[in-house]
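Here are some notes for a colleague who is opening this structure for the first time.

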Amino acid sequence: FEEMRHAGIDPNILTFSSLMKACSSIGDIDHSFYIHSEFLRSFVTSDQVINGSLVDMYAKCGSTKEARKVFDDIPRPDIVSWGAMILGYIMEDDAIAALHFFEKMEQTDLKPNRAIYLSVMKACGSLRAIEQGRLIHSKMIRSGLEWDVAVGTALTDMYIRCGSLYEAFQASK
């Protein structure tokens with residue numbers, strides 16, 4: 001990126017999206033702030049992809065505070081932005097905030113995807129919130145979510161953490 005800038009080449013939306021992904025992959029908050037400020041100074045127009053990338057970048061770098069600032073400025077957050085916030089709270093061990101955010105997302109017209117369900121199952125297990133876990137489990141079934149090893153493992157783990165070995169066994173089938 002620095003070589004590109006020194007060569008006088010202006011970054012485009014793909015450049016910034018890639019840089020944000022790189023920052024989130026290595027969890028580098030300092031470079032995240034730098035890339036965000038460079039983006040704001042550029043003439044690149046923000047879109048849903050960039051907004052989601054910014055939220056994801058800050059959340060994965062451990063700053064849900066910054067991720068939330070970006071999220072709150074998005075006129076209509078998409079499922080990627082919601083999922084990034086929920087996962088960010090999980091990564092910061094704030095399961096209560098993750099579940100609260102999930103509840104807020106459910107008030108929109110967006111439907112949770114597999115990644116979001118996996119995150120909220122983890123939050124329910126962390127809090128030992130079995131009733132909420134059961135409710136989300138039933139929503140997963142009604143949504144027609146494809147069952148695979150990751151989904152089964154998340155449910156089993158949640159039920160074990162909540163102390164329901166029978167339900168954990170049933171989820172593992």
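1. Helix α8 has as its buried residues I116, Y117, L118, S119, V120, M121, A123, C124 and G125, where buried means under 20% relative accessible area, exposed means over 50%, and partly exposed lies in between, with a 1.4 Å probe and protein chains only. The cover over these buried residues of α8 includes α6, α7, α9 and α10 (149–161). Helices here are DSSP runs of H or I with at least four residues, strands are runs of E with at least two, and both are numbered from the N terminus.

2. The model is a predicted one, in which local features need pLDDT of at least 70 and side-chain atom pairs count only at pLDDT 80 or more, while totals for chains, interfaces and linings use all residues. Residues are numbered from 1 along each chain as its sequence is written, and side-chain values use heavy atoms, with hydrogens and water left out.

3. The length of α8 agrees with expectation, because its 14 residues should span 20 Å at 1.5 Å a residue and its end C-alpha atoms are 20 Å apart; the expected span is 1.5 Å times one less than the number of residues.

4. Seen as a whole, the protein chain has 11 helices and 0 strands, and its C-alpha trace spans about 65 × 30 × 25 Å along the principal axes. Of the 173 residues in the protein chain, 46% are buried. Among contacts with a separation of 6 or more, 58% are between residues 24 or more positions apart, a contact being heavy atoms within 4.5 Å.

5. M158, which lies in helix α10, counts as buried because its relative accessibility is 0%. Leaving aside neighbours within four places in sequence, M158 is in contact with M121, C124, G125, G133 and R134. M121, C124 and G125 are also among the buried residues of α8.

6. How are α7 and α9 packed, in angle and in distance between axes? Their angle is about 40° and their axes are 13 Å apart, where axes are lines fitted to C-alpha atoms, for helices over the stretch in contact, and angles run from 0 to 180 degrees between N-to-C directions. The two helices α7 and α9 are therefore oblique to each other, since angles under 35 degrees count as roughly parallel, over 145 as roughly antiparallel, 65 to 115 as roughly perpendicular and the rest as oblique. On the α7 side the contact is made by L99, F102, E103 and E106, and on the α9 side by Q132, I136 and K139. By class, the contact of α7 with α9 has 3 nonpolar, 1 polar and 3 charged residues; Ala, Val, Leu, Ile, Met, Phe, Trp, Tyr, Cys and Pro count as nonpolar, Asp, Glu, Lys and Arg as charged, and the others, Gly among them, as polar.

7. The axes of α5 (residues 64–73) and α6 come within 10 Å and cross at roughly 160°, which makes α5 roughly antiparallel to α6. In this pair T64, A67, R68 and F71 of α5 meet S81, W82, M85, G88 and Y89 of α6, and the residues of the contact divide into 5 nonpolar, 3 polar and 1 charged.

8. Helix α4 (residues 48–60) packs with α6 at an angle of about 5°, with the axes 9 Å apart, and the two are therefore roughly parallel to each other. Here N51, G52, V55, D56, A59 and K60 of α4 meet V80, S81, A84, M85, L87, G88 and M91 of α6. The contact of α4 with α6 has 7 nonpolar, 4 polar and 2 charged residues.

9. Two loop residues deserve a check of the backbone. Most residues other than glycine have a negative phi. R128, in the loop between α8 (114–127) and α9 (130–143), has a positive phi of about 55° although it is not a glycine. R128 counts as exposed because its relative accessibility is 54%.
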